Amino acid sequence: MASSTLASAPFLPSLPSPNHRRLSLRYPARRLGVAASAAPKGAAASEAARERRRFLERYGLNPDDFEEDAEPDPREERRRERRMRRSGRGEEEAALAPARPVERRETHKMLQVLAGKVRRRKLLSPKDRNVRPMMEVVRGAAFDIIQSAGGSPASLKPGLWLDLYSGTGSVGIEAMSRGCSQAHFVELDPWVISEVLKPNLDCTGFLDTSHIHMLRVENFLDNAEKSKGRYPSFDYISVTPPYVEVNYSTLLDQLARSPLVGEDCFILVEYPLKTDMPESCGKLIKIADRKFGRTNLLIYGPTWSEKKKGRILR
């Protein structure tokens, strides 16, 4: 009888004759693999599943222990999801499901303001690698170039700064320390905003002259383009994104047509090696492109700064 059952169930692996002495249910039974390519479809799959359960029970095994090895029918899964949504049970089960443990994130004070009113003030930054602040040597070089190109080598000319992918806020804070009147920070991570960015603005005294926008940079630029006049035009824009998550060509195209870019705006962009960057961004031209290890710093400026370009690049 056992041999005829095995022959009628080609999708099951062969097993020896029932021997309850050899199998102890006190230990987990070995799971039986099922070849997905050999699994029946539709009504045949249901009959095969019932036969499979009878077969396992005959050998003293619990069929429920082997259910997870079966290949689920995608159509049945979709039907089940639709039934759950109609009954509202999907939302209830999601609410009752145990929450995943939240990874604890910590900060340290490894950054500092380089110059200006709050020079040497320590800034918080996350210990994890989810946020990668601009290196201090790159930040210092960026401000030296912008100040020289703007005709004020000793400090930054007053204006509005837009810090995209702000993270710790170190770039926008450096700008206000050196003379900028206000800064807008665009950051998506709520933990970074509450535990890093806001404390940094508070300890440097710039919280009252700052505006924080919690949304994706792409959405922020898209909103500004659709609703002109909602945001001011900026004199300075910093772009320091996570390298692997950004399409630089798309991002710079957005900036090139954005009403956020003022006529005499300077845009500094941090980007990885082996990335092709355009020679201009809208009406702004490239005035500097420097390499710092694995990081490149590109700065676009107004056409009147072109006469300083040769001196800056040297």
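Trainee: Which side chain does Asp 222 meet in a salt bridge?
Mentor: In this predicted model, the side chain of Asp 222 meets that of Lys 226 at 3.1 Å, N to O, a salt bridge being a side-chain nitrogen of Lys or Arg within 4 Å of a carboxyl oxygen of Asp or Glu. Local features need pLDDT of at least 70 and side-chain atom pairs pLDDT 80 or more, while totals for chains, interfaces and linings use all residues. Residues are numbered from 1 along each chain as its sequence is written, and side-chain values use heavy atoms, without hydrogens and water.

Trainee: Where do Asp 222 and Lys 226 lie?
Mentor: Both lie in helix α8, 4 residues apart, about one turn of the helix, where a helix is a DSSP run of H or I with at least four residues, numbered from the N terminus.

Trainee: Is Lys 226 buried or exposed?
Mentor: Lys 226 counts as exposed at 67% relative accessibility, whereas Asp 222 is partly exposed at 26%; buried means under 20% relative accessible area, exposed over 50%, and partly exposed in between, with a 1.4 Å probe and protein chains only.

Trainee: Switching topic, how many salt bridges are there?
Mentor: The structure holds 12 salt bridges, including one between Glu 174 and Arg 178 at 2.8 Å, N to O, and both of these residues are buried.

Trainee: Which residues are linked in a network with Glu 174 and Arg 178?
Mentor: Glu 136 and Arg 139 are linked with them in a network of salt bridges.

Trainee: And what does Asp 189 pair with?
Mentor: Asp 189 forms a salt bridge with Arg 105, the closest N and O atoms being 2.8 Å apart.

How values were computed:
Helices (H or I, at least four residues) and strands (E, at least two) are DSSP runs, numbered from the N terminus.
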